[in-house]
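Visitor: I'd like to learn how to read charged side chains in a model. Could you walk me through it?

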Amino acid sequence: MNLASLPDLIFTVLFFFMIVTHMRDVDPKVQYEVPQGTELTKEVSKNGQVYIFIGKPVDAQGRVISDETRIQMGDRYVTVAEIGNEIVKERNRMSEDDRQRLTVSIRADRDTEMGIINDVKQELRKAGALNINYSAEKKVKKESVKQKI
């Protein structure tokens, strides 16, 4: 059996997986289950986006370690009062074009109190981050099943 072409095949498959694999920028340190909605649009551009995760803190294995709601920006937990400073830091890291298109994506747990989300929105407004989107998943309509007797 001739195995001369096997290395070429292996490198081709390896190259394919390197191209199609998406690497995550930030690992969430909070558990969140996005709410469901019916009128959703998909955001295409990733440039100029800052992610805010809101949920219950988890350990490295993904187990919930506290019932307290936490806010994560980047790789660390922040308080509501620190959000404005973090937005300024993120804006300073971006190019001029990305600064103009700065969008904050809030990924909050479906059970998060609206008071926390409103506090976050107020801090974003003070920091001048006015483009905000909310992550959600498409709501699946349950169809009634009729049984024949």
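Visitor: Is glutamate 123 buried or exposed?

Guide: Buried means under 20% relative accessible area, exposed over 50%, and partly exposed in between (1.4 Å probe, protein chains only). Glutamate 123 comes out at 16% relative accessibility, so it counts as buried. Bear in mind that this is a predicted model, where local features need pLDDT of at least 70, side-chain atom pairs count only at pLDDT 80 or more, and totals for chains, interfaces and linings use all residues. Residues are numbered from 1 along each chain as its sequence is written, and side-chain values use heavy atoms, with hydrogens and water left out.

Visitor: Which side chain does glutamate 123 meet in a salt bridge?

Guide: Side chains of opposite charge can pair when their charged atoms come close. The cut-off for a salt bridge is a side-chain nitrogen of Lys or Arg within 4 Å of a carboxyl oxygen of Asp or Glu. Here, glutamate 123 pairs with lysine 126 at 3.4 Å, N to O. They're separated by about one helical turn because they sit three residues apart in helix 4 (helices are DSSP runs of H or I, at least four residues, and strands are runs of E, at least two, numbered from the N terminus). Lysine 126 is exposed, at 67% relative accessible area. Elsewhere, salt bridges that share partners tie Arg76, Glu86 and Lys89 into one network.

Visitor: How many salt bridges does a search of the whole structure find?

Guide: Seven in the whole structure. One of them joins glutamate 90 and arginine 93 at 2.6 Å, N to O; these two are three residues apart in helix 2. Glutamate 90 is partly exposed at 23%, while arginine 93 is exposed at 60%. Another links aspartate 98 and arginine 101 at 3.0 Å, with aspartate 98 buried at 15% and arginine 101 partly exposed at 44%.

Visitor: What does glutamate 86 touch?

Guide: A contact means heavy atoms within 4.5 Å. Leaving out residues up to four places away in sequence, glutamate 86 touches Met73, Arg76 and Val78. Glutamate 86 lies in helix 2 (residues 83-93) and is buried, at 8% relative accessibility.

Visitor: Where is confidence lowest, and where is it highest?

Guide: Where pLDDT is low, the predicted coordinates should not be read in detail. pLDDT is the predictor's confidence in each residue, from 0 to 100. Strand 2 (residues 36-37) has the lowest mean, 67, and helix 4 (residues 114-127) the highest, 92. The protein's mean is 81, with 79% of its residues reaching 70 or more.
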